[in-house]
Amino acid sequence: DKFNALFPDAIDLVVRSIRAGLPVSQALENIGTDIGAPVGPEFARISNQIRIGVSLDDALHAALKRIDIPEMRFLSVTLILQRETGGQLAEVLLNLSDILRQRKAMKMKIKALTSESRAASKIVASIPVLAGVGMYYMNKPHMMLLFETETGNNMLAYSIGSVLVGLMIIRKLTNVDA
């Protein structure tokens, strides 16, 4: 999450560096010095590998083994393809940073929209427990029938199972991948 939070800024730094006429290796080195952890140190490592003679492709593949997220994969593929075919690298990377920011905003919006349902599920799950505790203190002999008789055990098991199934359904409905 920390990496994804700083990654769009790192890509913007690459875009500005490329537009200023710097090579990609220098742009990656700038990320290492100007962006905080965990993005900065990882790109400093990539630029150090390039500096000692490792190809950009190999350095990026090694980074992908350490950081296995789709955004990093897309950046790596973009840099490798641009190196082989040419093209408007700055524009592609600018679009990537915009997409990453939009994805982050969408995830936050989804979390806000589903917060009411998540809170309701917690309330629904706590009501039977609170009612059971209240009934236990108000009328202990009747409540003990749930624990002491076979019919009571079956009713208790059914109730717990129903609540758990309901919670799983609510969780499934509120878990949305952006």
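**Aromatic rings**

I searched the whole structure, a predicted model, and got three aromatic pairs. I looked at Tyr136 and Tyr137 in one of them: the ring centres sit 5.5 Å apart and the planes meet at 80°, so I noted the pair as edge-to-face. Tyr136 is partly exposed, at 30% relative accessible area, while Tyr137 counts as exposed, at 67%. I also noted an aromatic cluster made of Phe3, Phe7 and Phe43.

**Around Phe43**

What does Phe43 touch, leaving aside neighbours within four places in sequence? I listed Phe3 and Phe7, then Leu28, Ile31, Gly32, Met72 and Leu75.

**The core**

Phe43 turned up again when I looked up the largest nonpolar core, which has 31 residues. Phe43 is listed there with Leu28, Ile31, Met72 and Leu93 as the residues with the most contacts inside that core. H1 supplies the largest share, seven residues.

**The whole chain**

I then stepped back to the overall fold: eight helices and zero strands. The radius of gyration is 27 Å, well over the 16 Å that the globule rule gives for 178 residues, so the chain is more spread out than a compact globule. I also jotted down the span of the C-alpha trace along its principal axes, about 80 × 30 × 25 Å. Of the 178 residues, 30% count as buried. Last entry: the accessible surface is about 11,700 Å², with 62% of it belonging to carbon and sulfur atoms.

Key:
Residues are numbered from 1 along each chain as its sequence is written. This is a predicted model: local features need pLDDT of at least 70, side-chain atom pairs count only at pLDDT 80 or more; totals for chains, interfaces and linings use all residues. Side-chain values use heavy atoms; hydrogens and water are left out. A nonpolar core is a set of buried Ala, Val, Leu, Ile, Met, Phe, Trp, Tyr and Cys residues joined through side-chain atoms within 4.5 Å. Buried means under 20% relative accessible area, exposed over 50%, partly exposed in between (1.4 Å probe, protein chains only). Helices (H or I, at least four residues) and strands (E, at least two) are DSSP runs, numbered from the N terminus. Contact means heavy atoms within 4.5 Å. Rings of Phe, Tyr and Trp (its six-membered ring) pair if their centres lie within 6.5 Å; planes under 30 degrees apart count as stacked, over 60 as edge-to-face and the rest as tilted. The radius of gyration is taken over C-alpha atoms; the globule rule is 2.2 Å times the number of residues to the power 0.38. Accessible areas come from the Shrake-Rupley method with a 1.4 Å probe; for residues, only the protein chains shown count as cover.
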